[in-house]
Amino acid sequence: MFLGVKNLEFKVANKTILNKQNFSISKGKHVLISGLSGSGKTTLMNLMSGLLKPTSGFVSFEENDFSKLTEENIDQIRSKNFGFIFQRLHLIKHLTVEQNILLGLNKDQSPNIDELLDDIGLKNKHTQLAKNLSFGESQRVAIARGIINSPKVIFADEPTSSLDDRNTKKVLELIFSQAKKNNSTIIISSHDERVKKFFKKIQEINL
Amino acid sequence: MNDFIYIYLSIKSRLLNSTLTVLLTSFGVLIAILLSQISNHIEKRLKSDGKGVDIVVGAKGSPLQLVLSSIYHIDIPNGNIPYESALEISKNPMIEKAIPLALGDNWKGFRIVGTNLDYIKHFNAEIKKGRLWNNDFEMVAGANINIDVGENISGAHGVINGGRAHDDHTYKIVGVLEPTSSVLDRLLITSVNSVLEIHGLENIDDHNEHNHEEDKNKNKHHDKHEEHSDEHDDNHKHNHDSNENHKKFEKNVSSYLEPEITALLIKTKSPVANINLPRFINRQTNMQAANPALEITRLTTMFGMGSKTLTFLSIFLISIAVLSIFSGLAGNLENRMGDLAILRALGYSKKRIFKIIAMEGTSIIFSGIFLGTIMSFFSFEILSHIVTPLHISKAKFIVNFEFYIIIASVFIAGCIASIIPAYKGSKISVANQLSQNI
């Protein structure tokens with residue numbers, strides 16, 4: 001099993017944030033986690049990526065049961081295998097485009113940053129500070145940071161929530177094209193109906 | 001990205017805050033080191049200059065002034081004491097050695113000291129060039145005085161530069177001493193008689209001889225008086241001799257005053273004498289005996305009040321710098337929680353986050369210490385050129401234990417100030433932090 005969850009449940013102060021979830025994802029397949037706002041999509045993403053510890057159940061990635069690993073081991077798995085694209089992008093403002101992208105890079109890799117910047121349409125913007133970028137440019141830098149590590153899994157949390165149709169298409173095409181290069185699995189959480197048409201497998205989250 | 005580059009960029013992004021913290025740290029370190037260097041130098045000089053002197057005898061007045069003027073040559077003498085009385089004191093069996101000092105003149109601010117060769121031996125000084133004085137108005141110069149053998153100089157009245165010159169008498173420099181790292185290096189040494197002669201006082205050798213002669217004359221007079229009844233023929237002759245001697249004495253008295261010296265440096269035979277002898281002198285004579293050790297303790301206590309103020313100032317500055325590092329990192333941490341959460345999400349371990357934040361703080365404190373140390377070195381070099389006492393004593397910057405203690409204390413304080421926010425930053429809940437921001 002590439003990535004799976006079994007009886008995964010998350011509670012805060014006896015309040016159920018995420019009901020028991022069971023599913024598995026094969027390598028290279030893309031999954032959309034859909035549901036209403038506040039249904040626990042982000043929580044599920046955080047549990048699957050090891051950023052949160054479940055109340056019960058477990059997550060496994062390539063036969064590694066997160067519940068049996070130390071926090072440091074999970075950090076290592078995450079840094080080597082997972083890429084993140086956040087809704088609010090979270091670029092570090094005092095760093096340049098290139099420096100922000102390189103934050104997601106493992107030490108033992110040396111990607112072609114020029115090629116990547118060319119791919120995302122930010123050629124010759126290496127040294128521009130993140131705080132001086134437009135929202136669209138920032139979004140592309142966030143995507144580049146999420147994929148620079150050639151991750152096996154790309155987690156994207158509400159990547160299109162504030163975009164119009166044209167830009168939604170552009171962003172998703174960019175994510176999918178970059179994932180295809182690395183044969184990455186994409187897991188997107190979104191309540192945006194426009195995103196559904198890009199996926200064959202949709203994991204519905206219901207409380 | 002390399003962590004050092006990330007730290008550098010992070011510090012650079014808070015350039016004003018970081019620069020102010022570095023400057024605060026460096027000023028604190030600068031004051032602390034300068035204070036330590038100057039205090040050490042003064043303490044060292046006080047010890048070396050006062051070594052081997054248990055009691056100073058001089059005119060009544062301030063005992064501290066007597067000690068400062070006679071041992072350290074940094075104050076105006078209280079006055080003079082009769083040579084006769086000083087001589088009497090020096091015969092006391094409790095005294096191992098007594099060195100007379102006759103002060104009162106200077107040459108270009110360097111004090112002229114009339115003394116005997118024991119004063120040179122007292123400092124274990126050796127001749128670098130020329131020889132010691134054999135005759136009056138021959139002089140030996142300390143190592144720090146820019147003068148050469150064969151030069152002639154005229155002293156000026158007073159112990160500081162600018163007094164009336166004694167142009168009618170010149171000294172000949174016959175020797176230059178090797179450096180002793182003591183007060184001797186900035187003195188011009190000559191015989192007591194030279195100084196007395198210039199000031200119109202009777203030569204101490206003549207005075208002794210005169211007293212001796214006077215005694216002899218008295219005895220002679222007495223003998224002759226006994227013979228008076230028997231030898232009437234010789235009466236005229238006796239009267240003639242006696243009159244001649246009296247005339248000679250009157251001539252001496254009219255042209256020269258009784259010899260006086262400024263002070264007597266005494267080394268006693270036992271510590272008990274250090275207590276008993278001053279008591280005796282202060283009660284039984286018109287002179288004053290001062291204990292240098294006691295007076296210097298008083299002086300350093302007074303000086304200590306000033307240095308304590310500066311010590312507090314340096315501690316205050318360093319504390320502000322440390323608090324500034326703490327507030328800079330801790331306050332900034334709130335704004336950086338999102339950034340740190342991203343780094344954690346990207347796989348940065350807690351240890352790595354801790355290291356990054358702690359190293360930011362220690363880099364700032366290290367820069368402050370480095371800058372402060374460099375500044376203190378150059379400041380001390382400048383001070384040792386422009387502050388006369390430091391200049392003439394050739395004060396040098398010394399890397400001693402206290403220096404390392406200052407550096408280590410500031411660094412440890414800075415590290416503690418960095419560790420607290422670093423620990424807090426490493427413990428953030430990534431998911432919660434990201435959820436708050438999403």
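**Note on the predicted two-chain model**

1. A nonpolar patch lies on the surface of chain B, formed by Phe366(B), Phe370(B), Ile374(B), Phe377(B), Phe378(B), Ile382(B), Ile386(B) and Phe411(B), which together have about 820 Å² of accessible area. Patches consist of residues with over 30% relative accessible area and no salt bridge, like charges being joined within 9 Å and nonpolar side chains (Val, Leu, Ile, Met, Phe, Trp, Tyr) within 5 Å. Accessible areas come from the Shrake-Rupley method with a 1.4 Å probe, and for residues only the protein chains shown count as cover. Helix H11 (residues 350-386) of chain B gives the most to this patch, with 7 residues. Phe377(B) is placed in H11 of chain B and is partly exposed, with a relative accessible area of 35%.

2. The model is predicted: local features need pLDDT of at least 70 and side-chain atom pairs count only at pLDDT 80 or more, whereas totals for chains, interfaces and linings use all residues. Residues are numbered from 1 along each chain as its sequence is written, chains are lettered from A and ligands numbered from 1 in the order in which they are written, and side-chain values use heavy atoms, with hydrogens and water left out.

3. A patch of negative charge is also found on the surface, where Glu84(B), Glu88(B), Glu258(B) and Glu260(B) gather. Lys and Arg count as positive and Asp and Glu as negative, while His and the chain ends are not counted; the place of a charge is taken as NZ of Lys, CZ of Arg, CG of Asp or CD of Glu. Glu84(B) belongs to helix H4 (residues 83-90) of chain B. Helices (H or I, at least four residues) and strands (E, at least two) are DSSP runs, numbered from the N terminus. With 34% relative accessibility, Glu84(B) counts as partly exposed; buried means under 20% relative accessible area, exposed over 50%, and partly exposed in between (1.4 Å probe, protein chains only).

4. In chain A, strand E7 (residues 153-157) has 5 of its 5 residues buried, so it is largely enclosed by the rest of the structure. Val153(A), Phe155(A) and Asp157(A) point one way from E7(A), and Ile154(A) and Ala156(A) point the other way. E7(A) pairs in the parallel sense with strand E6 (residues 82-85) of chain A over 4 bridges, and Phe84(A) stands opposite Phe155(A). Strand E8 (residues 185-189) of chain A also runs parallel to E7(A), joined to it by 5 bridges, with Ala156(A) opposite Ile188(A). Two strands pair if DSSP finds at least two bridges between them.

5. Helix H1 (residues 41-48) of chain A has 7 of its 8 residues buried, so it is largely enclosed by the rest of the structure. Among the buried residues are Lys41(A), Leu44(A), Met45(A) and Leu47(A). Gly50(A), whose phi is positive, near 85 degrees, follows H1(A).

6. Lys41(A) forms a salt bridge with Glu158(A) (3.8 Å, N to O). This pair links distant parts of the chain, 117 residues apart: Lys41(A) is in helix H1 of chain A, and Glu158(A) is in the loop between E7 and helix H6 (165-182) of chain A. Both partners count as buried, Glu158(A) at 8% relative accessibility and Lys41(A) at 5%. A salt bridge is a side-chain nitrogen of Lys or Arg within 4 Å of a carboxyl oxygen of Asp or Glu; by this rule the count over all chains comes to 19 salt bridges.

7. Arg194(A) and Asp165(A) meet in a salt bridge at 2.6 Å, N to O. Arg194(A) lies in the loop between E8 and strand E9 (201-204) of chain A and Asp165(A) in helix H6 of chain A, so the pair ties together parts that are 29 residues apart in sequence. Arg194(A) is partly exposed, with a relative accessible area of 25%, whereas Asp165(A) is exposed, at 56%.

8. In chain B, Glu295(B) and Arg298(B) form a salt bridge, their closest N and O atoms being 2.8 Å apart. Both lie in helix H10 (residues 292-345) of chain B, 3 residues apart, about one turn of the helix. Glu295(B) is buried at 8% relative accessibility, while Arg298(B) is partly exposed, with a relative accessible area of 43%. Elsewhere, salt bridges that share partners join Glu71(A), Asp75(A), Arg78(A), Arg344(B) and Lys350(B) into one network.
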